[in-house]
Amino acid sequence: MTTPLSIEQVVRIAPVVPVVILDKLSQAVPVARALLRGGVGIIEITLRTPVALDCIKAVRDEVPEMVLGVGTIMNPGQLEAAFDAGAHFGVSPGSTANLRAAVKERGLPFLFGAITPSEVMTLLDDGFQYLKFFPAEASGGQTTLASWQSPLADAKFCPTGGIDVIKAKQYLNLANVVCVGGSWVAPKHALENQDWIVVEHHAAQVMALAEDG
Ligand code: 3PG
């Protein structure tokens with residue numbers, strides 16, 4: 001990709017950002033291609049397995065049209081590794097002063113996690129308007145986000161954690177939700193069984209969310 005994407009562009013690529021946890025390098029390219037066949041042009045590969053960075057490089061090299069996110073970034077070292085491997089954007093379950101400073105310094109597209117008004121205020125104060133709301137269902141879900149619409153009006157969210165396709169539709173109806181994240185699109189059993197048809201089918205369901213109105 002020649003021009004770097006802004007986080008505002010990233011969160012509008014698809015209604016759902018599929019979060020994937022890859023145990024094998026051989027899963028990376030097929031899952032990315034299955035998502036694309038279903039119409040979803042974005043993926044978040046989490047840095048939770050020994051093969052994660054190699055998976056990110058493989059998708060960068062072999063599926064270059066995919067907008068590639070790297071999730072579970074905990075510190076500036078992982079941030080550097082993720083973007084060196086080809087990340088277009090980064091995601092973290094929370095935020096630390098160190099990581100915020102590193103992201104700001106490099107001007108990288110990034111979704112930091114927040115679940116309290118103070119965390120949201122800290123991130124807004126640092127110039128981050130698009131935030132991950134994680135773990136969404138365990139943190140009051142739609143009720144919490146709806147109650148933040150007025151007092152935290154500048155913040156826009158990508159709720160993630162415990163969300164399925166039905167709940168995704170409900171979250172997307174909230175004015176302060178720009179997209180939803182979730183692992184159900186490419187679930188563990190499909191990855192293990194190399195069931196790319198299931199992933200493609202889920203991706204198509206995700207894209208239909210945008211059309212249902
Ligand atoms: C994440 O890994 O970012 C979230 O835990 C995904 O949550 P889910 O598995 O409940 O969709």
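Questions on a predicted model

Biologist: Is F128 buried or exposed?
Modeller: In this predicted model, F128 has a relative accessible area of 10%. The cut-off for burial is under 20%. F128 is therefore buried.

Biologist: Which parts does the pair of F112 and F128 tie together, and how many residues apart are they in sequence?
Modeller: F112 lies in strand β5, residues 110-113. F128 lies in the loop between α6 (117-125) and β6 (130-133). The pair therefore ties together strand β5 and that loop, parts whose separation in sequence is 16 residues.

Biologist: What kind of aromatic pair do F112 and F128 form?
Modeller: A pair of aromatic rings is described by the distance of the centres and the angle of the planes. For F112 and F128 the centres are 4.9 Å apart and the planes make 75°. Planes over 60 degrees apart put a pair in one class, and the class of F112 and F128 is edge-to-face.

Biologist: Why does F112 count as buried?
Modeller: Burial requires a relative accessible area under 20%. F112 counts as buried because its relative accessibility is 0%.

Biologist: Which residues do ring pairs link into a cluster?
Modeller: The structure holds five aromatic pairs, one of them between F112 and F128. Ring pairs link these two residues with one further phenylalanine, and the cluster consists of F110, F112 and F128.

Biologist: What kind of pair do W148 and F157 form?
Modeller: W148 and F157 are both buried. Their ring centres are 5.4 Å apart, with 45° between the planes.

Biologist: How do the axes of α3 and α4 run relative to each other?
Modeller: The axes of helix α3 (residues 52-62) and helix α4 (residues 76-85) come within 8 Å and cross at roughly 30°. Angles under 35 degrees fall in one class, which makes α3 and α4 roughly parallel.

Biologist: How do the residues of the contact of α3 with α4 divide?
Modeller: From α3 come L53, I56, K57 and R60, which meet A81, A82, D84 and A85 in α4. By residue class, the contact holds five nonpolar, no polar and three charged.

Biologist: Where does P15 lie, and what is it in contact with beyond its neighbours within four places in sequence?
Modeller: P15 is in the loop between α1 (7-10) and β1 (16-20). At 11% relative accessibility, P15 counts as buried. Leaving aside neighbours within four places in sequence, P15 is in contact with L172, C179, V180, V206, M207, L209 and A210.

Methods. Residues numbered from 1 in each chain as written. Predicted model: local features only at pLDDT ≥ 70, side-chain atom pairs only at ≥ 80, totals over all residues. Heavy atoms only, no water. Axes fitted to C-alpha atoms, helices over the stretch in contact; angles between N-to-C directions. Helix = DSSP H or I, 4+ residues; strand = E, 2+ residues; numbered from the N terminus. Parallel < 35°, antiparallel > 145°, perpendicular 65-115°, else oblique. Contact = heavy atoms within 4.5 Å. Nonpolar A, V, L, I, M, F, W, Y, C, P; charged D, E, K, R; others polar. Phe/Tyr/Trp six-rings, centres within 6.5 Å; stacked < 30°, edge-to-face > 60°. Buried < 20%, exposed > 50% of the residue type's maximum accessible area, 1.4 Å probe, protein only.
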